[in-house]
Amino acid sequence: MELERRRGCRKIRKFEKIRHRKFKKLDEGGDTSSQYSRICTPLRGFDSNGNQVIWMRLNNLNPDQYYFGTSLKAIFMTMDAIQLEQGPVPGYVIVLDGKGYTLSHMLRATITLCKRFIQYSQEGSTFFPKAIHVLNLSSVLEKVVTILKPFMKSDLFSVIKFYKPGKHGELFDHLPASIIPDEYGGTGGVLTEIQEEHVQHLMKYKDWFAAEEQLRIDETKRGDLRSCAESVLCNEEEDIGTSLKRLEID
């Protein structure tokens, strides 16, 4: 019991330090509650194990209007709303459709934010995925996976399944057709309509999101007192401007 309590306390501290310290300003452009909220959408049902299924895809394929930080904020908002509405669920299944994701999109992301998000997912969040299905895997997405794999623990990478273009039918081996969107051969409803429902759902928590954004750590009040865990986090800091543009693309 004491060991579990300590683990829980460490989880809370990680949540505060990573989310409230490293994700201070994610609004890079656009209205998070509309366009970007459609990137990350809970489906209308659960899988056979009671896991919440989250569908992710780009709706606006124009890379000039793609802001990675704002997309992350939309993911946080979605996960927060699910837990506020439903409370804890057995787990989460992520379906990521990579159709339309190009090299130009990739170059608009920063390694720093990617690393922070992976760290948060593994160490500080309450929504560790039970499975991640990546549809329409392209050479660009393969490059992204290669870059990010060193930041992933084995238990995270082991739950990722990849599907080449035209092979998304294999998803039915893992998820019931009754929740898969119509556009992908299921009977779970039209995805654009589900996305619009989700946007309206998020608007119910507008005030809560505004208050949550104020819960950020003020480093100026810490003085010289820092725990070992925080020191490690500080040592892992990278230049926020570090971009995937600096990487050599084969």
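Modeller: Helices, of at least four residues, and strands, of at least two, are DSSP runs numbered from the N terminus. The model before us is predicted.

Colleague: How many helices and strands does the protein chain have?

Modeller: The protein chain has nine helices and five strands. Along the sequence they are arranged as α-β-β-α-β-α-α-β-α-α-β-α-α-α.

Colleague: What share of the contacts with a separation of 6 or more comes from residues 24 or more positions apart?

Modeller: Such pairs account for 80% of those contacts in the protein chain.

Colleague: What share of the residues is buried?

Modeller: A residue counts as buried under 20% relative accessible area. By this criterion, 46% of the 250 residues in the protein chain are buried. The accessible surface of the chain is about 13,200 Å², and carbon and sulfur atoms hold 54% of that surface.

Colleague: Why does cysteine 40 count as buried?

Modeller: Cysteine 40 counts as buried because its relative accessibility is 0%. Cysteine 114 is also buried, with a relative accessible area of 7%.

Colleague: How many disulfides does the structure hold?

Modeller: A disulfide is a covalent bond between the sulfur atoms of two cysteines. The structure holds zero disulfides.

Colleague: Which elements give two or more residues to the lining of the largest cavity?

Modeller: The strands are S2 (52–57), S3 (92–97), S4 (129–135) and S5 (160–162), and the helices are H2, H4 (111–124) and H5 (139–148). By class, the lining of the largest cavity comprises 30 nonpolar, three polar and three charged residues.

Colleague: What is the volume of the second largest pocket?

Modeller: A pocket, in contrast to a cavity, is an open set of points. The volume of the second largest pocket is about 250 Å³. Among its 15 lining residues, Pro42, Leu43, Gln86, His198 and His201 are the closest to its centre.

Colleague: Which elements each supply at least two residues of that pocket's lining?

Modeller: They are strand S1 (40–46), helix H2 (68–86) and helix H7 (191–203). S1 contributes the most to this lining, with six residues. The lining of the second largest pocket divides into six nonpolar, six polar and three charged residues.

Note on methods: Residues numbered from 1 in each chain as written. Predicted model: local features only at pLDDT ≥ 70, side-chain atom pairs only at ≥ 80, totals over all residues. Heavy atoms only, no water. 1 Å grid on protein atoms, 1.4 Å probe; cavity = no way out; pocket = protein on both sides within 12 Å on 5 of 7 lines; lining within 4 Å. Points joined across faces, edges and corners; volume = space filled by probe spheres on them. Nonpolar A, V, L, I, M, F, W, Y, C, P; charged D, E, K, R; others polar. Buried < 20%, exposed > 50% of the residue type's maximum accessible area, 1.4 Å probe, protein only. Contact = heavy atoms within 4.5 Å. Areas by Shrake-Rupley, 256 points an atom, 1.4 Å probe, with all protein chains shown as cover. Disulfide = S-S within 2.5 Å.
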